[in-house]
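Here is a protein model to read with its terms in hand.

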Amino acid sequence: KGEEFKDDFRRALPREIVQRLARRSAVRATASVLHDFAVLALAIGAGSYFWPNPFVLLACVVLIGTRQHALFVIAHDAAHYLLYDNRLLNDVVGRTCAMVQGLSMCTYRVIHRLHHNNLYGELDPDTALHGGYPRGRAYLIKKLLKDLSGLTAWKTYAYFLGGAPALNTKTNVALRPLDDTSAKLRSEARVDRNMVIAFHVLLLAVFAWSGYLLQYLVLWVLPLATVVQAILRLRAIAEHGATTDFSSPLTAARTNVAPAWLEWLIFPHQVNYHIEHHLYASVPHYNLPSLHREMRARGMLQDAELVPFRVTLQKIFAERYFGKAT
């Protein structure tokens, strides 16, 4: 109690299929992690080699930002205990992928559990980000431009370090994620958060001492503060924004279909299969396409919002209530 991610069995697949799809593959998980770090290494290397060419740096910042976001998706799988069967290895890899970005995977585990178990409910800490859409084209464009300017990064880090309160309407008291979890996860979150802060203070000092502080700020911190912020917002709204029936993940979440190159940029590691993930949070990312096929073959996605990404954009960029802009 206080640690679980609940699957939704209202439209259950046969148990043997779920058990098969929920099996972890250390090889496939490791391949995903190595892929992201390899692309990051190449992009950082190119940016350093051609320093300070502005055109190369711009391309590298965008590419680095997409892979930093991809590492966040890896940390998301680790938060669900989905990377490795060995719990220690799962958490070490997940915490590493989050820590290099200044995020606490253990704290996110607590926050994300509230989102899964209270989707669009009063205790869902993510509703403030993706709720209330559509709000008009101008509103979302302004938000995304603000993200790209770096002005919203502090809010993201406040959220991922545990400052994402939700209002309990029964008591009218703000409930912070760390208040609604087991003592074990609460302790792990606090230790992990302190380690993340200490790591980045040390990292900043090392780069300042080495004389490569500017390169570090441009090729690592800048993408985190700009590109990642915009992708996180756009993806969160694409997954849950402009939905109207919150009674089930089938209608309160959305699976986005996009070309492979766009999935690689915005929906890495099969994160676009979001309905499937909410219904079966025990299935690792590389098995989500298979889960989708099993569910579709049985008609389980008949009432679900399974749409091309361009259709999603039309929905979330629409005027409020498809009437006048606000």
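The questions and answers that follow concern a predicted model.

Q: What makes up the secondary structure of the protein chain?
A: The protein chain has 16 helices and 4 strands.

Q: How much of the protein chain counts as buried, and what does that label require?
A: Of the 326 residues, 53% are buried. The label requires a relative accessible area under 20%.

Q: What share of the contacts in the protein chain with a separation of 6 or more is between residues 24 or more positions apart?
A: Such pairs account for 74% of those contacts. A contact here is a pair of residues with heavy atoms within 4.5 Å.

Q: Why is A242 called buried?
A: A242 has 13% relative accessibility. The cut-off for buried is under 20%, so A242 counts as buried.

Q: Why is Q270 called partly exposed?
A: The relative accessibility of Q270 is 29%. Buried means under 20% and exposed means over 50%, with partly exposed in between. Q270 therefore counts as partly exposed.

Q: What makes the backbone of A242 and of Q270 worth a remark?
A: Most residues other than glycine have a negative phi. A242 is not a glycine, yet its phi is positive, about 60 degrees. Q270 is not a glycine either, and its phi is also positive at about 60 degrees. A242 sits in the loop between helix 11 and helix 12 (249–252), whereas Q270 sits in the loop between helix 13 (260–266) and helix 14.

Q: Which peptide bonds are called cis, and what are their omega values?
A: Most peptide bonds are trans. The bond joining W51 and P52 is cis, with omega about 0 degrees. The bond from Y133 to P134 is cis as well, with omega near 5 degrees. P52 belongs to the loop between helix 2 and helix 3, and P134 to the loop between helix 6 and helix 7.

Q: How do you know that the span of helix 4 is close to the expected one?
A: Helix 4 covers residues 87–99, which is 13 residues. The expected span is 1.5 Å times one less than the number of residues, and for helix 4 that gives 18 Å. From first C-alpha to last, helix 4 reaches 18 Å.

Q: Which residues of helix 4 are buried, and what covers them?
A: The buried residues are N90, D91, V93, G94, C97, A98 and M99. Their cover includes helix 2, helix 3, helix 5 and helix 9 (183–210). Residues three or four places apart in an α-helix point the same way, because there are 3.6 residues a turn.

Q: What makes N86 a cap of helix 4?
A: A side-chain oxygen of N86 lies 3.0 Å from the backbone nitrogen of L88, at the N-terminal end of helix 4. The limit for a polar contact between N or O atoms is 3.5 Å, so the 3.0 Å distance falls within it.

Q: What is the volume of the largest pocket, and which residues lie nearest its centre?
A: The volume is about 820 Å³. There are 35 lining residues, and D126, A128, L129, T156 and Y159 lie nearest the centre. Helix 11 gives the most to this lining, with 7 residues.

Q: How does the lining of the largest pocket divide by class?
A: It has 16 nonpolar, 10 polar and 9 charged residues.

Q: What is the make-up of the second largest pocket?
A: About 210 Å³ of space lies in it. Its lining includes F37, L40, F207, Y216 and W220. Helix 2 supplies the largest share, 5 residues. By class the lining has 9 nonpolar, 2 polar and no charged residues. Tyr and Trp count as nonpolar by the definition used, so Y216 and W220 fall in that class.

Q: What makes a space a cavity rather than a pocket, and how many cavities are there?
A: In a cavity a 1.4 Å probe fits but cannot get out, whereas a pocket is open. The search finds 3 cavities of 30 Å³ or more. The largest cavity has a volume of about 60 Å³.

Q: Which residues line the largest cavity, and what are their classes?
A: Among them are V73, H76, D77, H269, H274, H277 and H285. The lining has 5 nonpolar, 5 polar and 1 charged residues. Helix 3 gives the most, with 3 residues.

Technical notes
Residues are numbered from 1 along each chain as its sequence is written. This is a predicted model: local features need pLDDT of at least 70, side-chain atom pairs count only at pLDDT 80 or more; totals for chains, interfaces and linings use all residues. Side-chain values use heavy atoms; hydrogens and water are left out. On a 1 Å grid over the protein atoms alone, a cavity is a set of points where a 1.4 Å probe fits but cannot get out, and a pocket is an open set with protein on both sides within 12 Å along at least five of seven lines; lining residues have an atom within 4 Å of a point. Grid points are joined across faces, edges and corners, and a volume is the space filled by probe spheres set on the points. Helices (H or I, at least four residues) and strands (E, at least two) are DSSP runs, numbered from the N terminus. Buried means under 20% relative accessible area, exposed over 50%, partly exposed in between (1.4 Å probe, protein chains only). A polar contact is a pair of N or O atoms within 3.5 Å; within protein, one must be able to donate a hydrogen and the other to accept it, and residues adjacent in sequence count only if both atoms are side-chain atoms.
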